[in-house]
Amino acid sequence: MTDDELIEFASEFREGILDEGPSDMMCAAVCWPLATLLSMSGVTCRAIESDLGELNHIWLLLDDGRALDPTIDQFNYLFNENWPEVYLGPPTKYHAR
């Protein structure tokens, strides 16, 4: 699966789970089943839980070491950030292991 296809796949899955609702506190609800579906589609990944102090965050770690985070945009409101709905790239400060 190409990066664009992976982002589109995760975006569509996210939309189906959230049903136009916010991603706040929905990382586990999106990531755990998404990890299973991606694995069934040939994309090896695993759900990781990051301890961010007063809160935790679930995201997906790909075999190549990149983060796939379909709910990173929840930090836009909390920390005045500007993340896309689905992030694919090097782990960020929200992806501590």
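How many bridges join β2 to strand β3? Two bridges link β2 with β3 (residues 67–69), and the two strands run antiparallel. Strands here are DSSP runs of E with at least two residues, helices are runs of H or I with at least four residues, and both are numbered from the N terminus. Two strands count as paired if DSSP finds at least two bridges between them.

The model is predicted: local features need pLDDT of at least 70 and side-chain atom pairs count only at pLDDT 80 or more, while totals for chains, interfaces and linings use all residues. Residues are numbered from 1 along each chain as its sequence is written, and side-chain values use heavy atoms, with hydrogens and water left out.

**Sheet and helices**

The sheet is open and has four strands in the order β1-β2-β3-β4, with antiparallel pairing. Because β1 (45–51) and β4 (87–89) stand at the edges with a single partner strand each, one side of each is left without a neighbour in the sheet. From one strand to the next the twist averages 30°.

Contact means heavy atoms within 4.5 Å; axes are lines fitted to C-alpha atoms, for helices over the stretch in contact, and angles run from 0 to 180 degrees between N-to-C directions.

**Nonpolar cores**

A nonpolar core is a set of buried Ala, Val, Leu, Ile, Met, Phe, Trp, Tyr and Cys residues joined through side-chain atoms within 4.5 Å, where buried means under 20% relative accessible area with a 1.4 Å probe, protein chains only. The largest core has 18 residues, and Leu6, Leu34, Leu38, Cys45, Leu60, Leu62 and Leu68 touch the most other members. α1 (3–18), α2 (27–40) and β2 (56–62) each supply at least two of its residues, the largest share, six residues, coming from α2. Leaving aside neighbours within four places in sequence, cysteine 45 contacts Ala35, Leu38, Ser39, Leu60, Leu61 and Leu62.

**Largest pocket**

The largest pocket holds about 220 Å³ of space. Its lining includes Asp24, Met25, Cys27 and Phe75. α2, β2 and α3 (74–79) each give two or more lining residues, and α3 provides the largest share, four residues.

Notes. Buried < 20%, exposed > 50% of the residue type's maximum accessible area, 1.4 Å probe, protein only. 1 Å grid on protein atoms, 1.4 Å probe; cavity = no way out; pocket = protein on both sides within 12 Å on 5 of 7 lines; lining within 4 Å. Points joined across faces, edges and corners; volume = space filled by probe spheres on them.
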